[in-house]
Amino acid sequence: MNKMMYLIPLSWVFMICSVRSHEEDVHTIKYTVDNFGQEIAKKNHFVMFYAPWCGHCQKFAPKWEQLAEMLNDDEGNNIKIAKVDCTTDSDVCSEQDITGYPTLKFYKVGDSEGVKFRGTRDLPTITNFINEQLREGEEEPGDVNVVQSSGGLSELTEDNFDQHTQNGKHFIKFYAPWCGHCQKLAPTWEQLANSLEFQTDVSIAKVDCTQHRTVCNNFEVKGYPTLLWIENGKRVDKFQGERSHDNLKEYVNKMLGTKKEAQDLDRSETVDVVIGELTGDSFKSGIQTGITFVKFFAPWCGHCKRLSPTWDNLREKFSARRDVSIVEVNCTLEPNKHLCNEEEVEGFPSLFLYKDGIKVSEYSGSRSLEDLYDFVIKHTQHDEL
């Protein structure tokens, strides 16, 4: 199935799916009676049990393929998206107590029974379900008002974050447990904390954004892991270098030697304004006047991650224009779920252009900076004619 398929109008997608076979899915893994049990024991899995003749399955197939493209293409992710054809592998479906199509079940490593998904079949709801299942079984910190520390590494929560960071200097990792890059960084981050355990002028900490979304939203965390330097409760800088222990420690020493706190805080405030992330509460007012180009995204989406620096550059290009706003909405955050459904976001990233609060176009071209810029300019020129 074409990687750009989610850009085809939804009505076309349903028509195409009604005549195409599931065999054309290129990102979704297909399991059979011969390998199902063996494969789901190796990794977390989200599996669709279906029948090719099922109309609901045909309509849902493009979304499942989009989800597979987002998660299966990144080997660092701790989950696989798969499917089982119950007309050819009925023994598997019988063992899994499949009584209707499509049935979606989440399997943790070593779990042979799985948990049925019972929500609406839209991407925001599905991704929230995945996050919830991956969070279950994680270690709980006990008393959430107490900062849990181990070897110099502090575990922060919504309840203790403000109190812990309101004074002093802090280097904080914002992460998600399912994020492959976060998992790779984890031992290095612990090593950094251990090496600085007895250094009293800085704390090394982490925040699980799947459990403490308010904190991460307040600091405009758009992807995982995000490493922020915070002083006296305010964001000062974002680390964007190589994530080796030596580079991280060199960065800490550099920041501890910086005395221009006032200048840094001013720059932090500028960055916060430039980022331009809207929420369900601020969306309507944010697009009310002028041209607003909105990126609807999910932090775990590989295409979204690749677009992120280009989107930031696009925002910079229009920073001097009061009539154009380049903004974004994180569809995985709970306050934004209803908004993304209302705006008919069918895949990530989705790029919609609004004029005076009304959606006038969906961008489906190349995601180069030049083409995105020309697209916005074309609509501003239409306003001037």
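Two strands count as paired when DSSP finds at least two bridges between them. Keep that in mind as you open this model, which is predicted.

**Stop 1: a bridged pair**

Start by selecting residues 350-355, strand S15, together with strand S16. The two run antiparallel and are joined by four bridges. To see one of these links, pick Tyr354 and look across to S16, where its bridge partner is Lys359.

**Stop 2**

**Stop 3**

**Stop 2: the disulfide at Cys331 and Cys340**

Next, show the side chains of Cys331 and Cys340. They form a disulfide with sulfur atoms 2.1 Å apart. Are these two cysteines buried or exposed? Both are buried. The torsion about the S-S bond is -90°, and the link is left-handed.

**Stop 3: the other disulfides**

Searching the whole structure turns up three disulfides, so there are others to visit, given that a disulfide is a pair of cysteine sulfur atoms within 2.5 Å.

Jump to Cys86 and Cys93, whose sulfur atoms are 2.0 Å apart in a disulfide. Its torsion is about -90°, so this disulfide is left-handed. Cys86 has a relative accessible area of 6% and is buried; Cys93, at 4%, is buried too.

Then select Cys209 and Cys216, joined by a disulfide with an S to S distance of 2.0 Å. Here the S-S torsion is -90° and the link is left-handed. Cys209 is buried at 3% relative accessible area, and Cys216 counts as buried at 5%.

How do the bonded cysteines pair when counted along the chain? The pattern is 1-2, 3-4, 5-6.

**Stop 6**

Finish with Cys57 and Cys304. Cys57 has 0% relative accessibility and counts as buried. Cys304 counts as buried as well, with 4%.

Key. Residues are numbered from 1 along each chain as its sequence is written. This is a predicted model: local features need pLDDT of at least 70, side-chain atom pairs count only at pLDDT 80 or more; totals for chains, interfaces and linings use all residues. Side-chain values use heavy atoms; hydrogens and water are left out. Buried means under 20% relative accessible area, exposed over 50%, partly exposed in between (1.4 Å probe, protein chains only).
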